[in-house]
Amino acid sequence: MQGLVSIIMPNYNCAEYVEETVKSVLEQTYSDWELIFVDDCSTDNSVEIVKSFAEKDGRIKLFVNEKNSGAAACRNRALREAKGKWIAFLDSDDVWDKGKLEKQIEFMGANGYAFSCTDYQHIDEKSAPTGVLVTGPKKVTRHKMFNYCYLGCLTVMYDAEAVGLVQIPDTIAKRNDYALWLKVCKKAVCYRLKETLSYYRIRRGSISRQSKLSLIKYHYRLFRNSEGMCSVAAFFYTLKNLFHGVWKKVLYVKRIKKSNDKAR
């Protein structure tokens, strides 16, 4: 199965990593893609780095926000600009395996899936694997998605023709990827490709390393504002997320042998 893949990439001050990230897209064995890079008023030289790539490859589309608006607004804008049959996501500090797009499209086409994810590994700030592998359930229904966000943003792909244009409130400061998957799950079940095709960078100060209290706040606002739940329901699903988050670590986060090689 073929078709243009629109790669959604928001960015804010990732000059240290964005060159490696873009190169992992350029090295894909599947070549029918467009990279929609939306910068959120970075104060470093990440835009200049991506501009140099865009001048050499017309598949890279560069957009710069007029004012700093947050990751949700960047993703929304990129999704509105997307022309592809397939929508994929890659943050500007993460990395793909060179066969990621090709293998995932083959997986979805062979099985008639409209929504999928893959396994992924953690890497450190120098791109070295940390020895952490994250997997997930074989399939995630909308009901299961409300329990917890089992999908790594950098692993997700969906069929835009089946799902349609997805937009979330620009005001969702964190967990905006989760808000997207809750919308997509209204149209399609997510199926897991059991293969490590993506590498998620662990950085100091990232949301994944913030306090549990902050995460509770972000989840509550997600259910309250994006899904339009009443305060009681939003609190209930926030508690469910805490419970299932513990089980995710038990069932789907594994320690594996470290490699001395960099990602890809």
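Two strands pair if DSSP finds at least two bridges between them. Strands (E, at least two residues) and helices (H or I, at least four) are DSSP runs, numbered from the N terminus.

This is a predicted model, in which local features need pLDDT of at least 70 and side-chain atom pairs count only at pLDDT 80 or more, while totals for chains, interfaces and linings use all residues. Residues are numbered from 1 along each chain as its sequence is written, and side-chain values use heavy atoms, leaving out hydrogens and water.

Strand β6 spans residues 115–123, and nine of its nine residues are buried. Buried means under 20% relative accessible area, exposed over 50%, and partly exposed in between (1.4 Å probe, protein chains only).

β6 runs antiparallel to β9 (residues 157–159), with two bridges. Ser-116 has Met-157 of β9 as its bridge partner. β6 runs parallel to β10 (residues 190–201), with eight bridges. There, Ile-123 is partnered by Arg-201. Three bridges join β6 to β7 (residues 129–134), again antiparallel. Tyr-120 pairs with Val-134 of β7. The β6–β7 hairpin has five residues between its strands, and Ser-127 in this hairpin takes a positive phi near 75 degrees.

**Salt bridges**

A salt bridge is a side-chain nitrogen of Lys or Arg within 4 Å of a carboxyl oxygen of Asp or Glu. The whole structure holds 12. Three of them are listed here.

| Pair | Closest N and O atoms |
|---|---|
| Lys-85 and Asp-159 | 2.9 Å |
| Arg-203 and Asp-93 | 2.9 Å |
| Arg-192 and Asp-119 | 2.7 Å |

Lys-85 forms its salt bridge with Asp-159. Lys-85 lies in the loop between α3 (71–81) and β4 (86–89) and Asp-159 in strand β9, so the pair ties together parts 74 residues apart in sequence. Lys-85 is buried at 17% relative accessibility, and Asp-159 is buried at 10%. Glu-161 joins Lys-85 and Asp-159 in a network of salt bridges.

Arg-192 bonds to Asp-119 in another salt bridge. This pair links strand β10, which holds Arg-192, to strand β6, which holds Asp-119, 73 residues away. Arg-192 is buried at 17%, and Asp-119 is buried at 4%.

**Strands β2 and β3**

Strand β2 (residues 33–39) runs parallel to β3 (residues 60–64), with five bridges. Val-38 is partnered by Phe-63 of β3. β2, helix α2 (residues 46–54) and β3 make a right-handed β-α-β unit. Right-handed means that, with the strands pointing away from the viewer, the path from the first strand over the helix to the second runs clockwise.
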